[in-house]
Structure formats: structure tokens, C-alpha cells
Amino acid sequence: MTIHCHPELERSPIQTAARLLADAKRLLVLGGAGLSADAGVPTFRGEGGYWRSVRSEDLASRDGFDKAPEMVWDWYRERRLTVANAQPHAGQRALSLLQRHTQGTILVATTNEDDLLERAGVTDVVHLHGDLFTTRCAADCGWAARDDQDNALSLASCPACGAKVRPGSIWFGEPLPREALDRIAAFDPDGLLLVGSSCLVKPVSDLPLDLVNHGCPVVEINPEATPISDYVAVSLRGTAKQMLPALVDLLTSCTVRDQARRIT
Ligand code: NAD
Ligand code: ZN
């Protein structure tokens with residue numbers, strides 16, 4: 001069930017969004033590739049995304065790696081460089097403010113493998129699709145190390161067993177980390193702010209509709225329509241950098257919180 005707003009009290013979509021989200025006691029913020037796009041990290045499917053020229057399955061999959069490990073590593077090395085040279089944008093920094101302001105009532109999760117949220121000051125980020133800067137054993141012997149200086153580990157064999165090494169990202173067809181899913185389940189969100197996700201990659205894509213079906217407020221920020229746009233309470237059509245600072249401003253203002261308590 002979607003929560004509908006009182007028409008005469010509705011001022012703008014962003015105010016409506018703030019009013020609905022301010023009422024959540026456990027707000028989950030879920031960021032897709034679009035959350036990092038304004039920092040200069042391309043999305044996979046959006047305008048100018050990697051996926052326009054190369055098939056995702058040929059790069060971010062076990063099959064693709066087994067067939068052409070060098071090509072896959074070239075691509076990951078380039079992505080690491082792009083992320084290392086990028087800076088968090090105002091929307092990502094706004095999330096850090098929101099987290100400090102609301103103290104324990106929001107959880108930030110992302111399908112992004114980059115570290116821009118952490119560098120923006122967000123803490124305890126749940127990484128659903130792994131970490132771009134981890135290099136680990138492709139034969140699963142358990143060896144893994146952080147490789148964020150010069151990519152040197154990606155050029156060698158596994159120091160523990162001699163097998164090839166692979167990026168720490170979760171690839172298509174691989175299960176999501178149990179611990180990350182458990183943290184979201186334990187948090188038990190009653191509101192969702194979805195930022196820059198095309199909602200096409202399962203199981204993360206199931207989450208918004210689950211919450212909508214439980215009557216929880218779901219707001220999306222995305223410059224383009226997504227498969228869930230018709231179901232969410234509010235779709236804010238704009239980029240993360242445009243929308244998040246303004247939304248966080250409203251969310252952290254007492255006025256909106258008070259309003260949220262008064263209006264049902
Ligand atoms: P996606 O590439 O499928 O979709 C990105 C979405 O972001 C689109 O809906 C697009 O309209 C929207 N978008 C584009 N620019 C935006 C902006 N400035 N502000 C807000 N939204 C914007 O990405 P996805 O749905 O996250 O899933 C694909 C997978 O690709 C991810 O799970 C992740 O593993 C991986 N990925 C990660 C990174 C990263 O680490 N930064 C980057 C690209 C892809
Ligand atoms: Zn090994």
C-alpha cells in the first residue's frame with residue numbers, strides 16, 4: 001500500500017518526500033550506481049555507462065574472467081583509477097550529515113563497489129556488491145588483501161596457493177554477501193530512500209516493492225523513470241547531487257519532523 005499525501009498540504013514533491021521519510025523510525029538509504037555518477041564514476045546502464053560498449057557479462061562474471069582475465073583486470077584497474085581520482089559530491093556528503101543528525105535511525109547500503117560514501121564521512125556502509133579495491137584468490141583459498149595503492153596485487157598470483165587473483169567485487173550470478181543481507185534484515189527498515197538505482201539487479205531490486213507492499217514510504221531519486229517509479233510514494237526526478245542536499249536539509253529541519261508527527 002502506498003501512502004498518499006493530503007493534496008492541499010502537498011507543496012512540492014521534495015517536501016512531500018521529506019514529510020513521509022521523516023516519519024520512518026528506521027530509514028534505509030539504498031544507493032545504486034547513480035549515487036556515484038555525479039562524482040564522475042560512470043553507471044553501467046545509464047547514459048554513457050560502460051554497458052553501452054561492452055557486455056556486462058563479459059566483464060563482471062566468472063565466465064568472462066575465465067575467458068579473458070587480462071581484459072577483465074584492465075577494466076577493473078581503470079575503474080579503480082577512476083574512483084581513486086573522484087571526490088565525493090555534495091549529495092554523498094549530505095548523507096553523512098543525515099546519518100550524524102539522526103543517530104542510529106538510518107542505515108546506508110549500496111550496490112556500489114567504490115569507497116566514495118566512506119570518504120564522504122558515512123559510517124558502517126553496507127556493501128552489497130563487494131569492494132572494488134579488494135584483490136582476492138580466484139580459487140577461493142581464502143586469501144584477500146586491500147589493493148588501493150598501485151594495483152600491484154592484481155598483477156601477481158595468489159601468494160597462498162598460486163592461483164589467479166580476482167577483484168573483490170560480487171559478479172553477476174554470484175550470491176550477495178550473507179552478512180550484508182543480514183544487516184539489512186536485522187535493521188528491519190520501515191522507510192526507504194532509493195538513490196540512482198535502475199532496480200534491475202536482483203535481489204536488491206525486490207526490496208523497494210517489498211516495503212511498498214508493507215505500507216512503508218519509499219522515495220526514489222533518479223533522473224530517469226525506473227521499473228518501480230509507478231509504485232513508489234514519490235519519484236524525485238533529478239540527480240543525487242541536486243536532490244540529496246535539499247532533501248537532507250528538509251529532513252534535518254525540526255519543522256518537517258513536527259509536521260510529520262501532526263499530519264497523518
Ligand atoms: P545501473 O548502472 O544499472 O543504473 C544506474 C541508475 O542510476 C539508472 O537508473 C540511472 O538513471 C541512474 N542515474 C544516472 N545518473 C544519475 C545521477 N546523477 N543521480 C541519480 N541517479 C542517476 O546501476 P545499478 O542499478 O546500481 O546496478 C548495476 C550494478 O553495477 C551495481 O550493482 C554495481 O555492482 C555496479 N556498479 C557499481 C559502480 C560503482 O561502484 N560506483 C558503478 C557502476 C556500476
Ligand atoms: Zn589462493
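Reply: Start with Ser197. An N or O atom in its side chain is 3.4 Å from an oxygen atom of ligand 1. The model is predicted, so local features need pLDDT of at least 70 and side-chain atom pairs pLDDT 80 or more, while totals for chains, interfaces and linings use all residues. Side-chain values use heavy atoms, without hydrogens and water; residues are numbered from 1 along each chain, and ligands from 1 in the order in which they are written.

Me: How much of ligand 1 does the protein cover?

Reply: The protein covers 94% of the 840 Å² of accessible area that ligand 1 has on its own. Such areas come from the Shrake-Rupley method with a 1.4 Å probe; for residues, only the protein chains shown count as cover.

Me: Which residues come nearest to ligand 1?

Reply: Ala33, Phe44, Asp114, His129 and Ser198, of the 26 residues around ligand 1. A residue is near if one of its heavy atoms lies within 4 Å. Helix α2 (residues 33-37) gives the largest share of this shell, four residues. Helices (H or I, at least four residues) and strands (E, at least two) are DSSP runs, numbered from the N terminus.

Me: Why are the cysteines called donors of the zinc ion (ligand 2)?

Reply: Donors are N, O and S atoms within 2.8 Å of the metal (3.2 Å for Na, K and Ca); water is not among the atoms, so sites may look incomplete. The SG atoms of Cys137, Cys141, Cys158 and Cys161 lie 2.3 Å from the zinc ion, so they count. Their spacing in sequence is C-x3-C-x16-C-x2-C.

Me: What makes the arrangement around the zinc ion tetrahedral?

Reply: The angles between its four donor atoms run from 104 to 116°. Four donors count as tetrahedral if all angles lie between 85 and 135 degrees; four count as square planar and six as octahedral if opposite donors are over 155 degrees apart and all others between 65 and 115; anything else is irregular. The zinc site therefore meets the tetrahedral rule.

Me: Cys158 and Cys161: buried or partly exposed?

Reply: Buried means under 20% relative accessible area, exposed over 50%, partly exposed in between (1.4 Å probe, protein chains only). Cys158 has 4%, so it is buried. Cys161 has 42%, so it is partly exposed. Cys161 sits in the loop between β5 (144-146) and β6 (165-169).

Me: How do you know that Asp124 is exposed?

Reply: Its relative accessible area is 56%, over the 50% limit, so the label holds. Asp124 also has a positive phi of about 55°, although it is not a glycine.

Me: Why is Cys199 called buried?

Reply: Its relative accessible area is 10%, under the 20% limit, so Cys199 is buried. Phi of Cys199 is positive too, near 60°. Ser205 touches Cys199 and Leu200, leaving out residues up to four places away in sequence. Contact means heavy atoms within 4.5 Å. Ser205 has 12% relative accessible area, so it is buried.

Note on methods. Polar contact = N/O pair within 3.5 Å; in protein donor to acceptor, adjacent residues only side chain to side chain.
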